[in-house]
Amino acid sequence: MMKIDVLSLFPEMFEGVLHSSIMKKAQENEAVSFKVTDFRDFSGNKHHKVDDYPYGGGAGMVLKPEPLFAAVESLALDDAKKPRVILMCPQGARFNQQKAEELSKEEHLVFLCGHYEGYDERIREHLVTDEISLGDFVLTGGEIASMAIIDSVVRLLPNVLGNTDSPVHDSFSTGLLEHPQYTRPFDFRGLKVPDVLLSGNHAEIEKWRQEQSLKRTFHRRRDLLDNAPLTEQQQKLLKQLIKEENQ
């Protein structure tokens, strides 16, 4: 079972997310356990103060090292090895599906959700193992970002999704965006499902899906093609798409 701890000043924010839908199912299937801790409890002072003014002056307040070090150390007492301690921060490496797959193989993840102006640098240098950002924008705190990452990691754990093939074919897992999906009715207001999907020919269906996946990636996220492992058929199609674009 994976263990996930979250350190936050607002633990109530996680109630709905961690106890609904797939996250709830993952706990019921004993794939993961969650614990959200208010790190004010580790402040060590009667006023539960966890931030202070930055040395050298400047705007805002900075999170102190003592409460976060103490909280992480208390959570990892029974661990045979050090957990992955993840700092949610806009300065961190941009999160992607490959990182989700990497983290899904860990036994214990600890997410640090900060507020205020920033963190004491000693937290970055001597406590955390990963600094992660969702993208080039700033949120009020790390809670929403950590929820998104936790969701993307937990759904990859065994016995969480009903269909074991689902995460394999997700967008980004193959290096490309996912192909289009259709369901009943076959004809909706004159808009019909592609005939190949009703043909029963699994080889042709798979070929169509690979082609559509490549086309969608080419038109929407061409940057992904730089490192995508393309089949021989997809490579031929990519050359054709480039040729058509340049005509």
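Predicted model: local features only at pLDDT ≥ 70, side-chain atom pairs only at ≥ 80, totals over all residues.
Residues are numbered from 1 along each chain as its sequence is written, and side-chain values use heavy atoms, with hydrogens and water left out.

View A. Strands (E, at least two residues) and helices (H or I, at least four) are DSSP runs that are numbered from the N terminus. Strand 4 (residues 62-63) and strand 7 run parallel and are joined by two bridges, and the bridge partner of Leu63 in strand 7 is Tyr119. As background, strands of a sheet pair through backbone hydrogen bonds, either parallel or antiparallel.

**View B. The largest nonpolar core.** A nonpolar core is a set of buried Ala, Val, Leu, Ile, Met, Phe, Trp, Tyr and Cys residues joined through side-chain atoms within 4.5 Å, where buried means under 20% relative accessible area, exposed means over 50%, and partly exposed lies in between (1.4 Å probe, protein chains only). The largest such core has 28 residues, and those with the most contacts inside it are Ile4, Phe111, Ile150 and Val154. At least two residues of this core come from each of several elements, including strand 1 (2-8), helix 2 (21-28), strand 5 (84-94) and helix 6 (143-154). Helix 6 gives the largest share of this core, six residues. Leaving out residues up to four places away in sequence, Ile4 touches Val32, Ser33, Phe34, Lys35, Leu109, Phe111, Ile150 and Val154, with contact meaning heavy atoms within 4.5 Å.

View C. Leu112 lies in strand 6 and is buried, with a relative accessible area of 0%. When residues up to four places away in sequence are not counted, the residues that Leu112 touches include Leu7, Leu68, Val72, Val85, Tyr119, Ile123 and Val128. By contrast, Leu112 and Gln212 are 100 residues apart in sequence and lie 39 Å apart in space, C-alpha to C-alpha.

**View D. Thr37 in strand 2.** Thr37 is found in strand 2 and counts as buried, because its relative accessibility is 9%. Leaving aside neighbours within four places in sequence, Thr37 is in contact with Val6, Leu7, Ser8, Phe42 and Leu75.

**View E. Two cysteines without a disulfide.** The structure holds zero disulfides, a disulfide being a pair of cysteine sulfur atoms within 2.5 Å. The sulfur of Cys113 is 12 Å from the closest cysteine sulfur, in Cys89, so the two are too far apart for a bond. Cys89 counts as buried at 7% relative accessibility, and Cys113 is buried as well, with a relative accessible area of 1%.

**View F. A charge over a ring.** The charged end of Arg222 sits over the ring of Phe218, at 3.9 Å from the centre of that ring. This description applies if NZ of Lys or CZ of Arg is within 6 Å of the ring centre and within 35 degrees of the ring normal.

**View G. Backbone details in two loops.** In the loop between helix 6 and strand 9 (187-188) is Pro185, which a cis peptide bond with omega of about 5° joins to Arg184. Asn159 has its place in the loop between helix 6 and strand 9, and although Asn159 is not a glycine, it has a positive phi of about 65°. Asn159 is exposed, with a relative accessible area of 61%. Arg189, in the loop between strand 9 and strand 10 (191-192), is a residue other than glycine with a positive phi near 55°, and at 76% relative accessibility Arg189 counts as exposed.

Key:
Pairing = 2+ DSSP bridges.
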